[in-house]
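Open the structure in your viewer and keep the selection tool ready. This tour tells you what to pick next and what you will find there.

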Amino acid sequence: MNKIFIIIIIYIITTSNVMAQNNFIDDTFRSSGKVNVVVAVLSIIFAGIAFFLFRQEKRISKLEKELENQKKNQA
Amino acid sequence: MNSFFFKQGWKCVAVALVMYSIIYGFYVPLSAEAQNSVLDETMRNLFFHVPMWFAMMFLQGFSVWHSIQYLRKESIESDRKAFEAINVALLLGVLGMLTGMLWAQYTWGDFWPEQDSKLKGVAVGMLLYAAYIILRNGIEDPMKKARISAVYNIFAFPLFLVLIKLIPDQIDSLHPGNKGNPAFSQYGQTNTMRLVFYPAVIGWMGIALWMTQMKYRISKIKSQLQ
């Protein structure tokens, strides 16, 4: 839960800055609104990769603990 | 909460910062200079291509620090950290090079413009670090390997900086930020753009450090199993 909490707080701080100075419809790149789809796809991909990294790290921690337990049992 | 933040929270911060740069990198208004130049909307690559190099240099500095620690304390763990940091730094360098080549094709009309000395400098610099890895593979004795590669690493980093910064400053380079111009100010980087660029740099540095940490832990587990 803590992780999500921190991410949300950082989001609110950072986004409020940029949103205040944004013109969403000032040029052709964004006037159709389709760029939102690209941004959404990129964010999903990156969120997935980040999630994968967190999971992988938990597995590494587990392996480290198992190794330590094995060493204790041998001693 | 506090101990969690200092142990794991920085990874969440890094992920959040990169996520923020991915989203607002597409929405942030560009400066008029950038829009009227050959870059136009590709200026947004600033938030993705440039942080690769910053993160790479950050990891190289991190690696040099641990090489110095190794020479001081002779702890094999410092050597492991230094080596894994270089591995991840090389990955970031390759990514930076590929993205740079694509960007160069659309900006300067060539994947590898001949007149840009920065590209040659970076190519030589990457070979320098490839030689570091080959050097390590060539030495059997772990203590000897760690000592020699630590010294090599400490000398390689200043040389890398000379190759990518000082030499392109003296001769022609297409990259902005050379020949005395502060980076990208010739394209009128606005404060709003800085508000995306610097978080992106810090975020990618965090991700790079995280990758290094994971590689380090895996390599430690492997060595314990043997």
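A contact means heavy atoms within 4.5 Å. Among contacts in chain B between residues at least 6 apart in sequence, 75% join residues at least 24 apart. This is a predicted model, where local features need pLDDT of at least 70, side-chain atom pairs count only at pLDDT 80 or more, and totals for chains, interfaces and linings use all residues. Residues are numbered from 1 along each chain as its sequence is written, chains are lettered from A and ligands numbered from 1 in the order in which they are written, and side-chain values use heavy atoms, with hydrogens and water left out.

**Stop 1: the two chains**

Color by secondary structure. Chain B has seven helices and zero strands. Chain A has three helices and zero strands. Helices (H or I, at least four residues) and strands (E, at least two) are DSSP runs, numbered from the N terminus.

Now think about burial. Buried means under 20% relative accessible area, exposed means over 50%, and partly exposed lies in between (1.4 Å probe, protein chains only). Of the 226 residues of chain B, 50% are buried. For the 75 residues of chain A, the share is 24%.

**Stop 2: the core**

Select A:F46 and B:L92. In the largest nonpolar core, which has 62 residues, these two touch the most other members. Such a core is a set of buried Ala, Val, Leu, Ile, Met, Phe, Trp, Tyr and Cys residues joined through side-chain atoms within 4.5 Å. Helix α7 of chain B gives the largest share, 10 residues. In soluble globular proteins, nonpolar side chains tend to be buried together.

Zoom in on A:F46. Which residues does A:F46 touch, not counting those up to four places away in sequence? They are B:V15, B:V18, B:M19, B:I22, B:W204 and B:I207.

**Stop 3: a patch on the surface**

Select A:V37, A:V41, A:I45 and A:I49. They form a nonpolar patch on the surface, with about 350 Å² of accessible area together. A:V37 sits in helix α3 (residues 35-74) of chain A. Patch residues have over 30% relative accessible area and no salt bridge; like charges are joined within 9 Å, nonpolar side chains (Val, Leu, Ile, Met, Phe, Trp, Tyr) within 5 Å. Accessible areas come from the Shrake-Rupley method with a 1.4 Å probe; for residues, only the protein chains shown count as cover.

**Stop 4: salt bridges**

Select A:E57 and B:R217. Their closest N and O atoms are 3.4 Å apart. A:E57 lies in helix α3 of chain A and B:R217 in helix α7 of chain B, so the pair joins two chains. Both residues are buried.

Next, pick B:K215 and B:E84. Their side chains meet in a salt bridge (3.5 Å, N to O). B:K215 is in helix α7 and B:E84 in helix α4 of chain B, 131 residues apart. B:K215 is partly exposed at 37% relative accessible area, whereas B:E84 is buried at 6%.

**Last stop: B:S149**

Select B:S149 in helix α6 of chain B. B:S149 is buried, with a relative accessible area of 1%. Now show B:D79, B:Y132, B:L135 and B:R136, which B:S149 touches.

Technical notes: Salt bridge = Lys/Arg side-chain N within 4 Å of Asp/Glu carboxyl O.
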